[in-house]
Amino acid sequence: MSEFSIKRALISVSDKAGIVEFASKLAELNVEILSTGGTAKLLSSEGIPVTEVSQHTGFPEMMDGRVKTLNPLIHGGILGRRGEDDAVMLEHGISAIDLVVVNLYPFEATVADPKCSLADAIENIDIGGPTMVRAAAKNHKDVLIVVDADDYSSVISSIETDAVDYQLRFNLAVKAYEHTANYDGAIANHLGALNVENEKQPFGRTFNTQLRHKQTMRYGENPHQQAAFYVQNNPVAGTIASATQLQGKELSYNNIADTDAALECIKQFDGTPACVIVKHANPCG
């Protein structure tokens, strides 16, 4: 049984899929909900009790929404170390925030539009969101951070069964840092490939990507070596990265390399039935 309890949550999401159901469950569990802007309006319209962050802090949202949550009453509540910072929190009227639910402005979707201006790209760089995500992840000993709607159901189940243990908080903290790393990488990739006239350059200043662990290999290029197979978050269809192994023993590094070489070889036949035998990345039959 976990000693961790959630009494207050802060919810601020750009993608609102599933958030009404999630917040409704929190309210049923007597969790106080703080929220911002459009998220607060949505939850309120659905009859879910919610306190706007501006009411909680005493400061209005300002600068066209650029400043919403950048306030000591928010970040002190997230970063405050329970049992260590209690006195200073009490002195400054800072209430602990135990759960942070945030997803970020859709930067990649915005800049995917060929007509996206530099100003639009800049305005879709989230500041408050990543700051809260990183703060909650840093203080995961005392705060649960959720950045993925796919985790809503399991998080609610863990809260209901008093199973919000350290393992869960650590795993979701790591996921949060992966989330912000990918977000910052997308921003650097886009802006680094432009000049000040918003013209695309042949090559960017840096290339940032994120690969996820798909499987551990039986061994590396040689039997005494270790290896693992990493793929993009959204691998291209018709590649080894998107394929599923149906049977057989665990693959080795050489199996992956040979399979990729074979697949790329038969693709040259443009839809014509073809078969190739590959050994050490060389077609041999």
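Which residues of helix 2 (residues 37-45) are buried? The model is predicted: local features need pLDDT of at least 70, side-chain atom pairs count only at pLDDT 80 or more, and totals for chains, interfaces and linings use all residues. Residues are numbered from 1 along each chain as its sequence is written, and side-chain values use heavy atoms, without hydrogens or water.

The buried residues of helix 2 are G37, T39, A40 and L43. Buried denotes under 20% relative accessible area, and exposed over 50% (1.4 Å probe, protein chains only). Helices (H or I, at least four residues) and strands (E, at least two) are DSSP runs, numbered from the N terminus.

The buried residues of helix 2 pack against strand 1 (8-13), helix 1 (19-28), strand 2 (32-35) and strand 3 (51-52). Contact here requires heavy atoms within 4.5 Å. Just after helix 2, G47 adopts a positive phi of about 80 degrees.

Strands 1 and 2 run parallel and are joined by four bridges. Pairing requires at least two DSSP bridges between two strands. A9 stands opposite I33 in strand 2. From strand 1, the chain passes through helix 1 to strand 2 in a right-handed β-α-β crossover. Right-handed means that, with the strands pointing away from the viewer, the path from the first strand over the helix to the second runs clockwise.

Strands 2 and 3 also run parallel, with two bridges between them. S35 stands opposite E52 in strand 3. The β-α-β crossover from strand 2 through helix 2 to strand 3 is right-handed.
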